[in-house]
Amino acid sequence: PSSRASSRIWSCKMTEREEFLDIFHRYVTRPGSEKLLDWLDTKTDFFTAPASTRFHGAYDGGLCAHSLNVYRVLRSSFFEPDTDTEETYAIVALLHDLCKIDQYRHPIKETLYVGSEETTIYDEQAWEYNPNTLVKGHGDKSVILLSQHMTLTEEESMCILYHMGAFTDKEHWRSFTDAVHKFPNVLWTHHADMIASHVVGV
């Protein structure tokens, strides 16, 4: 079946949040992983946030759905059992976009005044960037947030840092190429991200 069909079949068995938690619990066991998961689940909007403002996964829960699709593509297309580990693939795919936590919000549609009382009405169908996030960045932000909870290998850090490939500042292109030469999974992570967002559509 197609990737889209496979996604629908898998989703019928469990919710995307349940699937994410199942994969994480099965493969990510290093020190700090449980505290990281608790933080994601109870202190952030990871499971309800969109993946973008108006492109792939621009809906409630889109970030979790996109992360799962990247995992499916990366694991099914590029995993080499002799050289790769399930834990690294799960960490890289499921957590590459941690940078999008608390990054989006619903824009204000209108403000109503009844006497001295002010009521803000939000456009629940739209998203915009939240300018009040403390840590800025993309792949680098994901690495920073992850490193506060558990230790990453150099390969994992590079895969997450450069998962946007050449869709980043030109000054980073040489470093991206160097990282690919040292860790081919950097390129496969980028490919999986592009397939998930531009082919699968989430």
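Good morning. I begin with the surface: the accessible surface of the protein comes to about 11100 Å², and carbon and sulfur atoms account for 54% of that area. Please keep in mind that the model before you is predicted.

Let us turn to the secondary structure. The protein contains nine helices and four strands. Followed along the sequence, these elements give the pattern α-α-α-α-α-β-β-β-β-α-α-α-α. The radius of gyration is 18 Å, close to the 17 Å that the globule rule gives for 202 residues, so the protein is as compact as a globular protein of that length. Along the principal axes, the C-alpha atoms fill a box of roughly 70 × 45 × 35 Å.

What percentage of the 202 residues counts as buried? The value is 47%. As for contacts with a separation of 6 or more, 63% of them come from residues 24 or more positions apart.

Finally, I consider the cysteines. How many disulfides does the structure hold? The number is zero. C64 is in no disulfide, and its nearest cysteine sulfur, that of C99, is 15 Å away. A disulfide requires two cysteine sulfur atoms within 2.5 Å. C99 likewise takes part in no disulfide, with the sulfur of C64 as its nearest cysteine sulfur. Are these residues buried or exposed? C64 counts as buried, at 2% relative accessibility, and C99 is buried with a relative accessible area of 0%.

Thank you for your attention.

Notes:
Residues are numbered from 1 along each chain as its sequence is written. This is a predicted model: local features need pLDDT of at least 70, side-chain atom pairs count only at pLDDT 80 or more; totals for chains, interfaces and linings use all residues. Side-chain values use heavy atoms; hydrogens and water are left out. Helices (H or I, at least four residues) and strands (E, at least two) are DSSP runs, numbered from the N terminus. The radius of gyration is taken over C-alpha atoms; the globule rule is 2.2 Å times the number of residues to the power 0.38. Buried means under 20% relative accessible area, exposed over 50%, partly exposed in between (1.4 Å probe, protein chains only). Contact means heavy atoms within 4.5 Å. Accessible areas come from the Shrake-Rupley method with a 1.4 Å probe; for residues, only the protein chains shown count as cover.
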